Amino acid sequence: MNLRSLLRLANLLTFLRFLLILPFTFYFRAKSMMLANIFFGAAALTDTLDGRIARKYGTTNFGAFMDSFVDKLLVGAALICLTLFKDEGLGFEGGLIPMWMVLVILGREFVVTLLRTVFVVKNGKVVAANRWGKYKTASQFIVILISLGLLALFPNDSERVIRHHGPIYFMMYLPLVLTVVSGSEFVFRNREAVFNLVQPSKS
């Protein structure tokens, strides 16, 4: 398999990950947590395979941007599902994680994606994620997978799993902190470029 084919495969894996968001969301909302876990796990696997290809053979600007963008869509869909979770049969309607957590995480993703887009337009090059961004994404995937696993294994355990401040809530603090740290590091590392964006242009 030549380099061109490998890069095409990496982009196909990214596109497949995008397509898996829909069935994951459908089965989560249908309370079929095992299937939701399988689809989310498959999406996370495509990200791992995509990353290995990129590390070994390099990537294109389009591939790097879309890979990060689709990751954010997948994580965002999962977080929204968790915060909107309710089970009328158990009398639970409060969500497994609070909305403020989702807003902080997605707010960071929006700002970083917006800055990356502007950098691409101005410089023609994608700013790659560093180790903090990779830690952040890995922690998000792992915590969401564990959360889905708990919901699949204990579907009716409102005392231990399905509650406002249960294990899912506390686990979410890890990706939350890494999200804030990685976002702050991204802005600091590219502070000159950010400063040039906000600095008024001379007429």
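Start by selecting Asp71. Not counting residues up to four places away in sequence, Asp71 touches Arg17, Asp47, Thr137 and Phe141. Keep in mind that this is a predicted model. Asp71 has its place in helix α3. Is Asp71 buried or exposed? Asp71 counts as buried because its relative accessible area is 8%, and the cut-off for buried is under 20%. Asp71 and Phe141 are 70 residues apart along the chain, and their C-alpha atoms are separated by 9.3 Å.

**Step back: the whole chain**

Show the chain as a cartoon. You will find 8 helices and 0 strands. Follow the chain along the sequence and the pattern reads α-α-α-α-α-α-α-α. The protein chain has 203 residues, and 42% of them count as buried. Next, think about contacts between residues at least 6 apart in sequence. Of these, 76% join residues at least 24 apart.

**Next stop: the second largest cavity**

Go back to Asp71. Select Ser68, Asp71, Lys72, Val75, Glu109, Lys136, Thr137 and Gln140, and you have the lining of the second largest cavity. Thr137 is also one of the residues that Asp71 touches. About 30 Å³ of space lies inside the second largest cavity. Which helix gives the most to this lining? Helix α3 does, with 4 residues. Both α3 and α5 supply at least two residues each.

**The largest cavity**

The count of cavities of 30 Å³ or more comes to 2. For the largest cavity, select Phe65, Ser68, Phe69, Lys72, Thr113 and Arg116. Ser68 and Lys72 are also in the lining of the second largest cavity. The space in the largest cavity is about 40 Å³. Helix α3 supplies the largest share of the lining, 4 residues. At least two residues come from each of α3 and α4. By class, the lining of the largest cavity divides into 2 nonpolar, 2 polar and 2 charged residues.

**A pocket between entries on the list**

Select Phe69, Lys72, Leu73, Gly76, Leu106, Glu109, Phe110 and Thr113 to show the lining of the second largest pocket. The elements giving two or more residues to this lining are α3 (61-83) and α4 (99-123). How much space lies in the second largest pocket? About 160 Å³. Of the lining residues, 4 are nonpolar, 2 are polar and 2 are charged. Phe69, Lys72 and Thr113 also line the largest cavity.

**Along helix α4**

Hide everything but α4. This helix has 25 residues. From its first C-alpha to its last, α4 reaches 35 Å, close to the 36 Å expected at 1.5 Å a residue. Now highlight the buried residues of α4: Met101, Val102, Ile105, Arg108, Glu109, Val112, Thr113, Leu115, Arg116 and Phe119. Some of these you have already met. Thr113 and Arg116 line the largest cavity, and Glu109 is in the lining of the second largest cavity.

**The end of helix α3**

Move to Thr83, which lies in helix α3. Why does Thr83 count as buried? Thr83 is buried because its relative accessible area is 9%, against a cut-off of under 20%. Show its contacts, leaving aside neighbours within four places in sequence. Thr83 is in contact with Gly94, Gly95, Leu96, Ile97, Pro98, Met99 and Val102.

**Last stop: the nonpolar cores**

From Thr83, step across to Ile97. Apart from neighbours within four places in sequence, Ile97 is in contact with Leu79, Leu82, Thr83, Val102, Ile168, Tyr169 and Met172. Ile97 also belongs to the largest nonpolar core, which has 35 residues. Which residues have the most contacts inside this core? They are Phe24, Phe28, Phe40, Leu79, Ile97 and Leu151. Select them together. The elements that give two or more residues to this core are α1 (3-29), α2 (33-57), α3, α4, α5 (131-153) and α6 (167-171). Another core lies apart from this one, with 6 residues, among them Leu115, Phe119, Phe186 and Val194. Leu115 and Phe119 are among the buried residues of α4. In soluble globular proteins, nonpolar side chains tend to be buried together.

Key. Residues are numbered from 1 along each chain as its sequence is written. This is a predicted model: local features need pLDDT of at least 70, side-chain atom pairs count only at pLDDT 80 or more; totals for chains, interfaces and linings use all residues. Side-chain values use heavy atoms; hydrogens and water are left out. On a 1 Å grid over the protein atoms alone, a cavity is a set of points where a 1.4 Å probe fits but cannot get out, and a pocket is an open set with protein on both sides within 12 Å along at least five of seven lines; lining residues have an atom within 4 Å of a point. Grid points are joined across faces, edges and corners, and a volume is the space filled by probe spheres set on the points. Ala, Val, Leu, Ile, Met, Phe, Trp, Tyr, Cys and Pro count as nonpolar, Asp, Glu, Lys and Arg as charged, and the others, Gly among them, as polar. A nonpolar core is a set of buried Ala, Val, Leu, Ile, Met, Phe, Trp, Tyr and Cys residues joined through side-chain atoms within 4.5 Å. Buried means under 20% relative accessible area, exposed over 50%, partly exposed in between (1.4 Å probe, protein chains only). Contact means heavy atoms within 4.5 Å. The expected span of a helix is 1.5 Å times one less than its number of residues.
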